[in-house]
Amino acid sequence: MTNRWPPRVFPLDAAAIIRATGGRRLVIVAPHPDDETLGCGLLIAAAVRAGISVAVIALTDGQASHPGSRRWPPAVLGRLRRAELRRAMARLGAGSAAVRFMGWHDGNVASEGHALALRRVLTELGAGVVVVASPRDHHPDHQAGWRLSVVATRGSDVALVSYAVWSRVDAGGPRAHGPIAAKRWAARAHRSQVGGYIADAAEGFRLTAGHLASFTGEVEVFTAARRGREKARSRPSPPPQPRPIRTPARAR
Ligand SMILES: [Zn+2]
């Protein structure tokens, strides 16, 4: 057993994560549809190219991003966002990936989420590495998703890695440089979040040009929490230091 707890945390890259699957499935845990693309779109595309099976587990349907919209009430918006996730995966070359929707409510993962239910899905999918949104992200669903994933994989030989979404924006980078056509195309599949697609919700969430510039650069940010069956080689750099977090409005 190669697991350690408390975890050894170190930065790593997509190639190391793909090696760590040991031929089993790479499972991305997305608190909301779009997190999988914004945080690990390049990893997903690279895994598919390497012949690794990929799956996404969406904890919520992201149905709280546009409160007050009459045209897109939560249930309807949730269905749209499920479809957006599938479209984004297809644009990343992962159209055949398994997608599971836990159906917990956006904003309520801490109270509705069940580690046992998540563990069952991970077992069914044959997960080798689980990649889940970072506990450093300021959104409470991201933090709750991390805690659930830690419990759901505890005592197993599944490696656990986090990916940064909002924490990379809060930290001011890394920024885009160079065209990442597939990932940008996939990000645009999440049209309820990116454009003016939902126009009748004054409080609706919108990914700004600055967010997209940060998310769709050449760098994705991963942190290993627990090694699985295969040893993922780390780069010899110091662990990231905690930073104070600025909270942008209504980030989903
Ligand atoms: Zn999210």
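What percentage of the 252 residues of the protein chain count as buried? The value is 50%, where a residue is buried if 20 or more other C-beta atoms, placed from the backbone, lie within 10 Å of its own, exposed if 12 or fewer, and partly exposed in between. This is a predicted model, in which local features need pLDDT of at least 70 and side-chain atom pairs count only at pLDDT 80 or more, while totals for chains, interfaces and linings use all residues. Residues are numbered from 1 along each chain as its sequence is written.

The protein chain has 10 helices and 7 strands, taken as DSSP runs (helices H or I, at least four residues; strands E, at least two) and numbered from the N terminus.

Strand β6 spans residues 159-163, and because 5 of its 5 residues are buried, β6 is largely enclosed by the rest of the structure. On one side lie Ala-159, Val-161 and Tyr-163, on the other Leu-160 and Ser-162, and both faces are covered. Two strands count as paired if DSSP finds at least two bridges between them, and the pairings of β6 are these:

| Partner strand | Sense | Bridges |
|---|---|---|
| β5 (residues 127-133) | parallel | 5 bridges |
| β7 (residues 222-226) | antiparallel | 4 bridges |

From β5 the chain crosses through helix α6 (residues 140-153) to β6 in a right-handed β-α-β crossover, that is, with the strands pointing away from the viewer, the path from the first strand over the helix to the second runs clockwise. Ala-133 has Tyr-163 of β6 as its bridge partner, whereas Ser-162 stands opposite Thr-223 in β7.
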